[in-house]
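Reader: I have the model open beside me. Could you take me through the ring contacts and then a helix?

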Amino acid sequence: MPTAKARKRRKRAAQRMPSSMIVEAQSAVTLPPPQTPNSEAAPSASALQLRTRIALAMVLAIMTFALYYPVIHHPFSNYDDGEYVVQNDRIHRGVNWTTARWALTSIEHANWHPVTWLSHALDWQLFGPLAGGHHFTSQLLHVLNVTLLFLFLTGVTRSKARSLVVAALFALHPINVESVAWIAERKNVLCTFFFLLALLAYARYARRPNIRRYLLVALLFALGLASKPMVVTFPFVLLLLDYWPLRRIEGWSQPSADFPAQQFSAGKLLVEKLPLIALSAADSLITLIAQHKAEAIRTAAKFPLHLRIENAIFSTATYLWKVIWPARLAVLYPYPGGGVAAWRLLTAAVVLIGISAWAWRLRARHSYLIVGWLWFLGMLVPVIGLIQVGDQGMADRYAYLPLVGIFLGVGWGIFDLLENMGKQWRWIAGVVGAVVLAILAGLSRRQIGFWQTNFDLWVHTAAVTQNNVSAYDVAGSELLLRAMNKGLNYSGEAQVYFQKALEINPNDSEALMNTGGDLQAHGKFAEALQKYKLALQHVDDNFLKAQILSDIGSAYEQMGDFATAREYYHQGLLVSPSPDNTSFIGYARTFTDEKIASLAVTLAKRPTAKGYFQMGRLQDAGGYTSAAKISYQRAIELDPSLQAARVALDRDSKSKR
């Protein structure tokens with residue numbers, strides 16, 4: 001027990017101690033808190049918050065799944081699904097070490113995306129050629145993306161209502177249909193999945209930074225890059241989130257009350273992102289190499305810089321307009337080759353500059369506006385067309401991730417406006433909001449319906465865009481394919497679409513080729529060759545060039561000029577030397593045709609049973625089954641005892657059933 005003298009010394013020291021130190025000393029005393037009813041209510045309130053978040057996430061997931069349910073009944077599309085999945089032998093091997101090695105080194109289709117390839121391979125292993133299974137995976141990924149977005153926003157802002165609005169807009173807006181309903185665009189929903197997982201991991205890292213949590217962020221980001229290079233701007237997005245809502249930048253704002261995280265200087269946070277920026281740079285370099293190798297990057301001669309800048313400005317503003325008025329959505333928007341009209345370009349520039357100035361002016365009071373706006377602009381940079389890949393002017397799929405920034409601004413902005421309004425106006429706003437979401441869901445369901453058949457998809461695309469040569473070409477090709485499945489080599493209905501394409505562009509190689517095919521099917525070989533050779537002058541795609549060369553070879557083959565036919569077939573092989581290429585088959589067939597023609601001359605002079613039997617075998621080898629059947633019948637007529645001819649005739653009859 002302390003002595004009286006010791007107690008006096010402590011009392012004098014306490015009198016000299018500042019009051020703040022006394023408070024700190026008292027707070028350091030570890031005494032059990034008094035038991036009150038509120039102290040027991042805190043854990044249950046936290047549990048209730050968690051249950052509410054989970055319940056709302058489940059509602060979002062069910063709503064999104066129900067909206068996109070029809071896609072599981074859709075077929076593969078004729079827009080890249082064949083090359084990515086249906087006709088891709090490497091994908092058909094399923095997931096194994098051979099497929100993994102190929103996926104990691106492949107830069108086919110002008111991209112390096114091994115995770116996407118493995119995703120398709122796994123689907124084929126599970127579902128085979130059943131398109132519904134492949135659609136289900138894309139649908140599931142979109143559902144997960146909606147859920148992850150909601151969980152991330154509620155986790156860093158504690159605002160369930162605002163986060164719900166943002167996630168609902170992302171789930172239901174029709175501009176996102178293309179990314180979900182198109183199997184070949186699996187890479188978009190897949191990279192977004194890893195992007196959002198990386199955001200969740202980053203939020204966890206920001207609360208308590210350590211190397212393990214940082215490595216998890218980097219790993220998830222790398223998986224996103226390996227799904228699609230669209231997410232190269234991820235480090236840029238993290239810097240925006242450091243500003244708001246995480247408020248990690250020292251001196252720029254007070255720490256967030258909703259997200260407790262230590263603040264650092266802006267320079268230190270930038271240095272923190274350098275390893276992620278290095279991943280972005282490496283992936284960008286690989287992508288450029290892949291696109292150059294595939295000759296996917298369009299030259300300045302075809303798309304001059306001033307046209308690309310004009311299109312970038314106009315398409316950025318158009319994405320915004322489609323958020324407000326999501327009509328006339330298409331799978332392919334033609335590039336404005338003649339440039340954008342001056343009044344359109346000026347309007348777009350004024351809108352973009354005006355929004356930028358407005359968001360910057362309100363950055364202190366409404367930080368989410370500048371963050372959402374820069375999210376949108378920044379994430380569009382890789383796909384805005386300053387480096388033009390492909391012939392599209394813009395694409396709905398490019399807006400899938402960038403528009404999250406716009407939805408963020410809308411969701412938070414609505415609630416900020418409602419804070420200054422009465423309860424009655426809030427109810428009205430709630431009803432209006434529900435109606436808007438219902439309308440968006442209805443428009444999305446309608447847009448999903450256009451993907452039900454390839455013909456519907458491309459006819460709709462032609463109807464809602466201007467001068468869309470590709471849409472008319474593909475719609476006509478789909479009708480021609482239907483006719484060929486019925487045993488016909490031509491389709492008058494298909495020619496209507498090819499002629500519309502030629503009215504827009506008289507040098508359109510695909511329409512010229514198909515018009516030549518129609519003429520060839522009607523026996524007009526000279527006119528068909530004229531169309532084919534004109535198409536050959538303007539074609540810039542090797543696959544299409546090989547097809548045109550094969551068609552020219554076929555026309556000469558039917559005319560009996562086998563040497564010239566072989567020459568064109570051989571050129572087709574040099575352009576596209578695939579073993580199942582029509583040029584390869586045609587080249588081999590010309591030798592058989594030549595023998596058939598020679599034997600036909602002999603049989604015309606001296607018909608024999610053995611001669612007709614030999615003719616039938618040659619015709620069978622050349623794929624002329626109907627003609628072979630006639631030859632076998634003629635052989636039996638000349639020699640009823642020729643058993644080999646009867647067996648061959650019976651075999652052909654059975655195979656035709």
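**Rings, charges and a helix**

Author: Arg 397 lies over the face of Tyr 398, at 5.1 Å from the ring centre, where a charge sits over a ring if NZ of Lys or CZ of Arg is within 6 Å of the ring centre and within 35 degrees of the ring normal. This is a predicted model, in which local features need pLDDT of at least 70 and side-chain atom pairs count only at pLDDT 80 or more, while totals for chains, interfaces and linings use all residues. Residues are numbered from 1 along each chain as its sequence is written, and side-chain values use heavy atoms, with hydrogens and water left out.

Reader: Which ring does Arg 363 lie over?

Author: Arg 363 lies over the face of Trp 360, 4.0 Å from the ring centre.

Reader: And how many aromatic pairs does the structure hold?

Author: There are 24 aromatic pairs, counting rings of Phe, Tyr and Trp (its six-membered ring) whose centres lie within 6.5 Å, with planes under 30 degrees apart taken as stacked, over 60 as edge-to-face and the rest as tilted. Phe 65 and Tyr 69 form a tilted pair, because their ring centres are 6.3 Å apart and their planes stand at 55°. The rings of Tyr 556 and Tyr 568 are stacked, since their centres are 5.7 Å apart and their planes are at 10°.

Reader: Where do Tyr 556 and Tyr 568 lie?

Author: Tyr 556 lies in helix α26 (residues 542-559) and Tyr 568 in helix α27 (residues 562-575), so the pair ties together parts that are 12 residues apart in sequence; helices here are DSSP runs of H or I with at least four residues, numbered from the N terminus.

Reader: Is Tyr 556 buried or exposed?

Author: Tyr 556 is buried, with a relative accessible area of 13%, and Tyr 568 counts as buried at 15%, where buried means under 20% relative accessible area, exposed over 50% and partly exposed in between (1.4 Å probe, protein chains only).

Reader: Switching to α17, which of its residues are buried?

Author: The buried residues of α17 are Leu 345, Ala 348, Leu 352 and Ala 359. Seen down the helix axis, they fall within an arc of 80°, so they line one face of α17; the arc is that of the directions from the helix axis to the C-beta atoms.

Reader: What covers the buried residues of α17?

Author: Their cover includes α16 (305-324) and α18 (367-380), with contact meaning heavy atoms within 4.5 Å. On the other side of α17, exposed residues include Trp 343, Val 350 and Arg 361.

Key:
Helices (H or I, at least four residues) and strands (E, at least two) are DSSP runs, numbered from the N terminus.
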